[in-house]
Amino acid sequence: MKNEVVETLDLDDEVFDYSASETLVWEAVRAYQAAQRKGTHATKNRSQVRGGGRKLWRQKGTGRARVGSLRSPLWRTGGTVFGPEPRTHGQNFPRKKRRNAIKLVLSDRLRNGRLRVVDGFELESHRTKDLAQTLAGLELEGKVLLVDEPDNRNLYLGSRNLPKVKLSPALGVNIVDLMHHDQLVLSKQAVLKLQEVLQR
């Protein structure tokens, strides 16, 4: 946390030196964002619009066009034809492809020097100011994604009010967060746990 080298980690090349087509990342981001859509948009068809139930005038002899209901889509207050209906936008995206996309982004961050591993996020207080000073000491620029164990309360409280910093648990890292942030900082425990999951 003081920007000093204290240990060397041997990381698996299968995870942190992975190469594949960049299309895989695009597919993973698209599938993740599609799954976030609520899909609750809807319109009323002629069976759901209020009113109707009787024929407005007789079929023949009036000189007007035949009409059977006020709820006809041809009328201003009628139902909507082929309008949107509630549905799920989720896509079938294999777990192996999702993990490979994460490995591809992690490998890219490591090659470009945008991945840091710290011995541990041991903070003396939960103050946002203290965490901001610590991150400034690490010489991080742009948006920063912190990855640590979920029970680090001081890190959670200190990071939640920083606009360019986001905290994520090791098992909750997703492809969109990795792509959205410029710098990735992981604790030693988090990087080993993430590597163990991605090796499966």
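1. Basis. The model is predicted, so local features need pLDDT of at least 70 and side-chain atom pairs count only at pLDDT 80 or more, while totals for chains, interfaces and linings use all residues. Residues are numbered from 1 along each chain as its sequence is written, and side-chain values use heavy atoms, with hydrogens and water left out.

2. Helix α2. Helices (H or I, at least four residues) and strands (E, at least two) are DSSP runs, numbered from the N terminus. Helix α2 covers residues 23-36, and its end C-alpha atoms are 20 Å apart, which agrees with the 20 Å that 14 residues should span at 1.5 Å a residue. The expected span is 1.5 Å times one less than the number of residues. Its buried residues are L24, V25, A28, V29, A31 and A34. Buried here means under 20% relative accessible area, exposed over 50%, and partly exposed in between (1.4 Å probe, protein chains only). An α-helix has 3.6 residues a turn, so residues three or four places apart point the same way. The cover over the buried residues of α2 includes α3 (95-111) and α6 (175-180).

3. Helix α3. The 17 residues of α3 should span 24 Å at 1.5 Å a residue, and the end C-alpha atoms, 25 Å apart, agree with this. Buried in α3 are N100, A101, I102, K103, L104, V105, L106, S107 and R109. Elements covering these residues include α1 (13-16), α2, β1 (115-118), α6, β4 (183-187) and α7 (188-198). Just after α3, G113 has a positive phi of about 70 degrees.

4. Cores. A nonpolar core is a set of buried Ala, Val, Leu, Ile, Met, Phe, Trp, Tyr and Cys residues joined through side-chain atoms within 4.5 Å. The largest has 27 residues, and those touching the most other members are L106, V147, I175, L178, L184 and L186. At least two residues of this core come from each of α1, α2, α3, β2 (144-148), α6, β4 and α7. A second, separate core of 13 residues includes L135, L162, V165 and V185.

5. Contacts of I175. Which residues does I175 contact, leaving aside its neighbours within four places in sequence? They are V25, A28, V29, Y32, A101, I102 and V105, where contact means heavy atoms within 4.5 Å. V25, A28 and V29 are among the buried residues of α2, and A101, I102 and V105 are among those of α3.

6. Salt bridges. The whole structure holds six salt bridges, each a side-chain nitrogen of Lys or Arg within 4 Å of a carboxyl oxygen of Asp or Glu. One joins R109 to D108 (3.2 Å, N to O); R109 is buried at 6% relative accessible area, and D108 is partly exposed at 30%. Another pairs K193 with E149, with the closest N and O atoms 3.2 Å apart. This pair links distant parts of the chain, 44 residues apart: K193 is in helix α7 and E149 in the loop between β2 and α5 (153-159). K193 is partly exposed at 30%, whereas E149 is buried at 15%. D177 and K166 form a further one (3.0 Å, N to O). D177 is in helix α6 and K166 in strand β3 (residues 165-169), so the pair ties together parts eleven residues apart in sequence. D177 is buried at 9%, and K166 is partly exposed at 37%.

7. Largest pocket. A pocket is an open set of points on a 1 Å grid over the protein atoms alone, where a 1.4 Å probe fits, with protein on both sides within 12 Å along at least five of seven lines; lining residues have an atom within 4 Å of a point. The largest pocket holds about 820 Å³ of space. Of its 25 lining residues, M1, E4, V117, V118 and D119 lie nearest the centre. The largest share of the lining, four residues, comes from β1.

8. D119. This residue lies in the loop between β1 and α4 (128-137) and is exposed, with a relative accessible area of 52%. D119 touches V6, E7 and K188, not counting residues up to four places away in sequence. Its C-alpha atom is separated by 8.1 Å from that of Q189, 70 residues apart along the chain.

9. N3 has a positive phi near 65 degrees; N3 is in the segment before α1 and is partly exposed at 39%. F82 has a positive phi near 55 degrees; F82 lies in the loop between α2 and α3 and is exposed at 83%.

Methods
Grid points are joined across faces, edges and corners, and a volume is the space filled by probe spheres set on the points.
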